Amino acid sequence: MFRVFIAATAQGAIEAETVRCREKFSFLLNDPDLKGLCLTIDPLREGWSTPLQTHHYRSGCAPLEALHDACTHLRQGRIHFAIITGSDSLKTGYLREERNRMMQIYGNHISLPEAYTALAESFCRRHDLPLETFRVLRNALFNNYRRSAPHVRIDPLRMESVTGLFRAVDCANPFMDYSGWLLLCREDMLEIIRPDEPAVEVLGTGLAMTRGDGPEYIDEIASYYHLKKACSMASEQAGFDFAEVFNCKKAFMEAYTCYPVVPMGLLLSAGFVSDLQEIPVWLAEHRLTMKGGMNLDRAPWNLPALRALIDMSRKLKQHPGMIGGVHGNGGLGGRQGFAILG
């Protein structure tokens, strides 16, 4: 089995930096002795239900799915390198009506905030959690994000309620343009690639899903058993319990923070806390995000986890000895992924 490393990254509001990286490492694609995979995260414009092309991925968990697949091939020696890329111009590339229509992934009968509200209600019933207590935890989560982004201005209108359980600030703020590019390779390829900075190892990846996604699977998703499985899989590969390391403040994390039921499910399922009532005290001691999460740092549709992988790999280069965890949540949560970097 080969070890896998993130050898190079690029990102920005436009593709200029990613284009330069593609050109710089084009020799990998042109070498007939090297085998590689190019994996693409689809933009919003590709639609939600249209057929997926080969080596394409779609959903908020898509970057973690691509990473998991790439690492599987790399560890087993089937390929020498893999490139994960994605680009979406959510701010400048769509008319407002077009963008809003394409974000209605479950049709006109239920919006994403409404679907996540139903999911949160199912989650609360499962854990005998009063809705008012859920709102208290929701507020504590948002205050935690603000500690990582104290200078971000918050539009007062976003503090208003969207549903009975969520305010606009509790949802992702997607209006941004983003392009990301990530090069993975086996350990024996590092001498050929010669990265400008020390490479970051992918210590573990985990991926799990329910039987399906969408409103009809709400009760199954609300169990977050599949999220527990994804986190356990990543920790098993890494050889240690990530939650235990993180709780000892020896790791960073970028949780998927769109709709507070998701990070609540993560904290409980992965073992960061043993009971939901522990969350406020835990949040006072730890940070779930590096830059305020998807709520304050914006969220480019299917690409937040790709940006998180890139940001985390760069942060770890600045903090040798630390570990990083990245979470991905797809659709209504039917797909869950977790990656551990170090």
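I started with the second largest pocket, which has a volume of about 280 Å³. Of its 16 lining residues, Trp48, Arg58, Ser59, Asp213 and Arg335 are the closest to its centre. For my own record, a pocket is an open set of points on a 1 Å grid over the protein atoms alone, with protein on both sides within 12 Å along at least five of seven lines, while a cavity is a set of points where a 1.4 Å probe fits but cannot get out; lining residues have an atom within 4 Å of a point. Grid points are joined across faces, edges and corners, and a volume is the space filled by probe spheres set on the points.

A note on the source: this is a predicted model, with local features needing pLDDT of at least 70 and side-chain atom pairs counting only at pLDDT 80 or more, whereas totals for chains, interfaces and linings use all residues. Residues are numbered from 1 along each chain as its sequence is written, and side-chain values use heavy atoms, with hydrogens and water left out.

By class, I get five nonpolar, six polar and five charged residues in the lining of the second largest pocket. The classes go like this: Ala, Val, Leu, Ile, Met, Phe, Trp, Tyr, Cys and Pro are nonpolar, Asp, Glu, Lys and Arg are charged, and the others, Gly among them, are polar.

Next I looked up the largest pocket, at about 750 Å³. It is lined by 28 residues, and Met103, Cys171, Ala172, Pro174 and Tyr259 are the closest to its centre. Its lining splits into 18 nonpolar, nine polar and one charged residues. Which helix gives the largest share of that lining? Helix 5 (residues 112-126) does, with three residues. Helices (H or I, at least four residues) and strands (E, at least two) are DSSP runs here, numbered from the N terminus.

**Cavity**

I found one cavity of 30 Å³ or more. The largest cavity has a volume of about 150 Å³. Of its 14 lining residues, Glu254, Met294, Pro304, Arg307 and Ala308 are the closest to the centre. Helix 13 (293-296) and helix 14 each supply at least two lining residues, and helix 14 has the largest share, five. By class, the lining of the largest cavity has seven nonpolar, two polar and five charged residues.

**Salt bridges**

I count 16 salt bridges in the structure, taking each as a side-chain nitrogen of Lys or Arg within 4 Å of a carboxyl oxygen of Asp or Glu. Side chains of opposite charge can pair when their charged atoms come close.

Arg3 pairs with Glu201, with the closest N and O atoms 2.8 Å apart. Arg3 is partly exposed at 41% relative accessible area, whereas Glu201 is buried at 13%. My cut-offs for those words: buried is under 20% relative accessible area, exposed is over 50%, and partly exposed is in between (1.4 Å probe, protein chains only).

Lys317 and Glu197 form another salt bridge, with the closest N and O atoms 3.5 Å apart. Lys317 lies in helix 14 (residues 304-318) and Glu197 in the loop between helix 7 (190-193) and strand 6, so the pair ties together parts 120 residues apart in sequence. Lys317 is partly exposed at 24%, and so is Glu197 at 46%.

Salt bridges with shared partners join Arg138, Arg167 and Asp170 into one network. Within it, Asp170 and Arg167 meet at 3.0 Å, N to O. Asp170 is buried at 2%, and Arg167 is buried at 9%.

**Positive phi**

I noted Ser59, which has a positive phi near 135° though it is a residue other than glycine. Ser59 lies in the loop between strand 3 (56-57) and helix 3 (62-75) and is buried, at 1%.

Asp128 is not a glycine either, and its phi is about 50°.

**Ser269**

Last, I checked Ser269, in helix 11 (residues 261-269). Ser269 is buried, at 15%. Its side chain reaches the backbone oxygen of Tyr224 at 3.3 Å. Leaving aside neighbours within four places in sequence, Ser269 is in contact (heavy atoms within 4.5 Å) with Tyr224, Leu227 and Lys228.

Note on methods. A polar contact is a pair of N or O atoms within 3.5 Å; within protein, one must be able to donate a hydrogen and the other to accept it, and residues adjacent in sequence count only if both atoms are side-chain atoms.
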